[in-house]
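Here is a short report on one protein model and its ligands. Look at the sequence and structure first, then read on.

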Amino acid sequence: MSDRPNWAPDTWRRFEALYQPEYEDLDSYDRVLERIRGLPPLVMPAEVEELKQNLVAAGRGEAFVLQGGNCAETFADCNSDSIANKLRILLQMSLILRYGTRKPVVRIGRIAGQYAKPRTVATETIGGEELPTYRGDAVNSWEPIPSARRPDPQRLLDSYFHAASVLNHIRALLLAGFADLHHPFNWNVVTSGNCEAWAEYEGIVERILDAIDFMESIGGVRGEALGKVDFYTSHEGLLLGFEEAMTRKDEETGGFYDLSAHLPWIGARTIGPGSAHVEFFRGVRNPIGVKVGPDAGPEIVIPLLEALNPHNEEGRVVLITRLGAGRVEETLPSLVRSVVGMGMHVVWSCDPMHGNTVRTADGVKTRDFSVILDELTRTHRLLGIHGAHLGGVHFELTAQNVTECIGGAEDLTSADLNQKYQTYCDPRLNNSQSLQIAFQIARMLGV
Ligand code: PEP
Ligand code: CO
């Protein structure tokens with residue numbers, strides 16, 4: 001008997017699917033999905049299972065998950081510099097975390113498919129004109145004209161091909177030795193400047209290289225082992241028609257996998273009772289990320305975990321809390337006590353970005369570095385007190401020197417935000433803020 005009773009890739013259609021685009025031309029939508037169904041998968045079941053094993057280790061405290069990337073990836077971003085920079089900042093952060101925690105770091109990009117956004121407001125005003133909201137390149141165009149904002153099903157196909165192209169380049173870079181520790185300055189970010197975090201990073205790289213030289217001189221490490229880096233992809237599995245079309249049955253095991261990414265996640269807005277998203281993702285074998293906001297108490301989260309992980313499999317669920325620094329003390333303890341009390345296996349991860357978005361007096365969305373750090377610190381401490389541990393972190397970040405979040409080494413203020421505010425959705429940590437937060441986490445978790 002199937003271990004996913006009454007489930008098929010399309011049973012979600014009987015439930016309420018929130019935040020789905022309303023297409024005018026449904027025939028064209030169906031044709032696009034049919035085409036996607038026939039295209040090759042973007043990732044393979046064996047890779048997905050390998051990630052799950054790494055998540056088992058993270059759940060046991062033997063590895064640490066670093067998940068990060070853009071809030072909204074764009075098609076225009078699909079070029080070699082941009083992809084290499086995104087990979088590089090995650091590799092740099094993972095090196096810092098690895099060095100600080102002495103644990104393997106599981107790297108997961110918000111990349112190669114993070115093209116759909118659940119927007120709470122239906123319209124936005126740009127240059128005095130009210131327009132339908134931008135919902136991510138998979139749905140409509142950012143261009144602020146009404147016709148470009150209309151949901152276009154062809155964009156799902158474009159998402160597939162852009163994701164394929166990004167992933168192909170990541171795989172090629174890694175195969176070509178981009179991550180080889182022997183050449184760590186391949187990881188250098190040209191724009192990184194001379195900030196304090198960068199000097200500290202270079203110091204770590206030098207110490208690691210010394211250790212490698214020493215080990216090699218006594219025959220202790222093999223070159224290939226150092227060059228091999230695992231990297232996984234993730235995105236919010238928002239557009240269920242697309243995710244369904246990317247789902248394939250694994251002939252070997254008979255199980256279904258959503259092969260659009262290694263780790264799809266369910267957004268905080270779509271975890272409620274009766275959610276079509278939960279129905280869809282309960283049936284696929286991938287590990288699943290679940291975003292939890294401050295209003296989702298144990299009464300929501302426990303049934304959700306039971307639905308997604310009826311056999312309490314280790315490595316299956318990454319529970320990503322995004323509570324807001326000011327609400328962690330109030331909301332996290334009861335959640336942790338319930339999950340731990342019921343013996344449920346999850347990897348606890350903290351997204352310190354989405355609960356801490358504020359607007360400046362000018363109406364610009366931003367996040368404060370110190371508040372982000374505060375949520376991480378509180379989450380780490382409270383998880384420990386209540387019998388769990390922080391197994392990972394989730395960030396919106398970029399390797400560019402943008403000015404979107406305030407604070408950090410350069411001590412950006414709200415007056416600096418208009419210098420280089422480039423995000424298509426939420427404000428991201430820039431290059432030095434990202435390195436700096438990695439140092440802070442390494443210190444917090446350090447041995
Ligand atoms: C996101 O990760 O970009 C997002 C929308 O998050 P959340 O679902 O946690 O609000
Ligand atoms: Co976001």
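In which loop does Ala-112 lie? Ala-112 belongs to the loop between E2 and strand E3 (123-126). The model is predicted. Phi of Ala-112 is near 60°, a positive value in a residue other than glycine. Ala-112 counts as buried because its relative accessibility is 2%, and the cut-off for buried is under 20%.

Arg-102 also deserves a backbone check. Its phi is positive, about 60°, although Arg-102 is not a glycine. Arg-102 is in the loop between H3 and strand E2 (105-110).

**The metal site**

Which residues coordinate the cobalt ion (ligand 2)? The donors are Cys-71 through SG, His-354 through NE2, Glu-396 through OE and Asp-426 through OD. The distances run from 2.1 to 2.4 Å. Along the chain, the donors of the cobalt ion follow the spacing C-x282-H-x41-E-x29-D. Cys-71 and His-354 link distant parts of the chain, 283 residues apart. Cys-71 sits in the loop between strand E1 (64-69) and helix H3 (80-101). His-354 sits in the loop between strand E11 (347-350) and strand E12 (358-359).

Are these two residues, Cys-71 and His-354, buried or exposed? Cys-71 has 0% relative accessibility, so Cys-71 counts as buried. His-354 has 18%, so His-354 counts as buried; the cut-off is under 20%.

**Ligand 1**

Ligand 1 sits in the largest pocket.

| Residue | Part of the residue | Distance to an oxygen atom of ligand 1 |
|---|---|---|
| Lys-117 | N or O atom in the side chain | 2.7 Å |
| Ala-268 | polar backbone atom | 2.8 Å |
| His-354 | polar side-chain atom | 3.0 Å |

Taken alone, ligand 1 exposes 290 Å². The protein buries 98% of that area.

Where is Glu-244 found? Glu-244 is part of helix H7 (residues 240-245). Its relative accessible area is 10%, so Glu-244 is buried. The side chain of Glu-244 makes a polar contact with the side chain of Trp-12, at 2.9 Å.

Methods: Residues are numbered from 1 along each chain as its sequence is written. Chains are lettered from A and ligands numbered from 1 in the order in which they are written. This is a predicted model: local features need pLDDT of at least 70, side-chain atom pairs count only at pLDDT 80 or more; totals for chains, interfaces and linings use all residues. Side-chain values use heavy atoms; hydrogens and water are left out. Donors are N, O and S atoms within 2.8 Å of the metal (3.2 Å for Na, K and Ca); water is not among the atoms, so sites may look incomplete. Helices (H or I, at least four residues) and strands (E, at least two) are DSSP runs, numbered from the N terminus. Buried means under 20% relative accessible area, exposed over 50%, partly exposed in between (1.4 Å probe, protein chains only). A polar contact is a pair of N or O atoms within 3.5 Å; within protein, one must be able to donate a hydrogen and the other to accept it, and residues adjacent in sequence count only if both atoms are side-chain atoms. Accessible areas come from the Shrake-Rupley method with a 1.4 Å probe; for residues, only the protein chains shown count as cover. On a 1 Å grid over the protein atoms alone, a cavity is a set of points where a 1.4 Å probe fits but cannot get out, and a pocket is an open set with protein on both sides within 12 Å along at least five of seven lines; lining residues have an atom within 4 Å of a point. A molecule sits in a cavity or pocket if more than half of its atoms lie within 2 Å of its grid points.
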